[in-house]
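Thanks for asking me to look this one over.

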Amino acid sequence: MVPESYYVALSAVLFSMGVLGVLIRRDPLVIFMSIELMLNAANLALVALGQRHGTTDGQALVFFVMCVAAAEVAVGLAIIVAIFRLRRRLSVDELSTLRG
Amino acid sequence: MSFVTFFVLAALAVGSAVGLLVRRNPIHGALFLVVNLGTIAALFLTLRAEFLAAVQVIVYAGAIAVLFVFAIMVLIPGKEETGPDPLRGQRLLTVPVVTLLLVLLALVLGSGTFQGPAKPPLAGGTEAVGRVLFTEYLFPFEVTSVLLLVAIVGVMALTKRRA
């Protein structure tokens, strides 16, 4: 059996790569995908630590994280589409004001 | 055997994450993301979280990935990340900052989380998750439905074309 610390280490690496993606990319779609990467890394750590402590609470929490991620992606992509209709361009560096 | 499975899956997960970061075309990024989500589902299976593996494939690799591909098809981006980088100095700083974050995570996780013997693995699997979802976490579970409803209404309000 692989020790749970390996899973948590993998999740730390994946989370850092998600942070890197959010920081270095300019396309809001890719930034969104990097956020999904981070959420998945957190889910992996939750499941691994839940297994280690012998409870199902971690898995229940992951279920809620997935629901929130689904809602977040739907709303976020709708916002990106709305911004694209307004600006005809997609680059987060140019979207520095909240006013349309 | 389980070590071999883990390391193959870990290499796939990290490799697809690197692919997501370095490919300029967002549709390639979306496909790499699907690979990543699939490997996470397989890692859930190796952790004996069968229910979450199934939900991961249905919700993430199914619904969310399709949503991303739809958005990419609607927007047709891909040429936005060309041209001079207005924040080049800040972007050069990201790699040391993220390395620092990784070191901090390793220090925090290594400082006592994994001391002491592990508990015996759980029995029950999906049944145990369902039991805890519908008893202990019943209220958050119901709130989730409201959250999803709000998301549906919000998306419709956001994407409605004004006359």
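1. Chain B is split into domain 1 (1-79) and domain 2 (126-163), with bounds that come from an automatic or database domain assignment. Taken over C-alpha atoms, the centres of domain 1 of chain B and domain 2 of chain B are 23 Å apart.

2. A word on conventions. This is a predicted model, in which local features need pLDDT of at least 70 and side-chain atom pairs count only at pLDDT 80 or more, while totals for chains, interfaces and linings use all residues. Residues are numbered from 1 along each chain as its sequence is written, and chains are lettered from A and ligands numbered from 1 in the order in which they are written.

3. Chain B contains six helices and zero strands, in the order α-α-α-α-α-α from the N terminus. Helices (H or I, at least four residues) and strands (E, at least two) are DSSP runs, numbered from the N terminus. Of the 163 residues in chain B, 22% are buried; buried stands for 20 or more other C-beta atoms within 10 Å of the residue's own, exposed for 12 or fewer, and partly exposed for values in between, with C-beta atoms placed from the backbone.

4. Now to the contact between the chains: 60 residues of chain A and 65 residues of chain B take part, a contact being two residues whose C-beta atoms, placed from the backbone, lie within 7 Å. On the chain A side, helix H1 (4-24), helix H2 (28-53) and helix H3 (57-87) each give two or more residues. H3(A) has the largest share, with 22 residues. By class, this side of chain A has 42 nonpolar, ten polar and eight charged residues. Here Ala, Val, Leu, Ile, Met, Phe, Trp, Tyr, Cys and Pro count as nonpolar, Asp, Glu, Lys and Arg as charged, and the others, Gly among them, as polar.

5. How do H3(A) and helix H3 (residues 50-75) of chain B cross, and within what distance do their axes come? The axes come within 11 Å and cross at roughly 5 degrees, which makes H3(A) roughly parallel to H3(B). Axes are lines fitted to C-alpha atoms, for helices over the stretch in contact, and angles run from 0 to 180 degrees between N-to-C directions. Angles under 35 degrees count as roughly parallel, over 145 as roughly antiparallel, 65 to 115 as roughly perpendicular and the rest as oblique. The contact of H3(A) with H3(B) has 21 nonpolar residues, one polar and no charged.

6. Within chain A, the axes of H2(A) and H3(A) lie 9 Å apart at an angle of about 175 degrees, so H2(A) and H3(A) are roughly antiparallel to each other. Their contact has 14 nonpolar, five polar and two charged residues.

7. The largest nonpolar core has 56 residues; such a core is a set of buried Ala, Val, Leu, Ile, Met, Phe, Trp, Tyr and Cys residues joined through C-beta atoms within 7 Å. A:Met33, A:Leu44, A:Val47, B:Phe44 and B:Phe68 touch the most other members. H2(A) supplies the largest share of this core, twelve residues. Do have a look at A:Val47, whose contacts include A:Val62 in chain A as well as B:Phe44 and B:Leu52 in chain B.

8. B:Arg48 is partly exposed, with 17 other C-beta atoms within 10 Å.

Definitions and conventions
Lists of a residue's contacts leave out its neighbours within four places in sequence.
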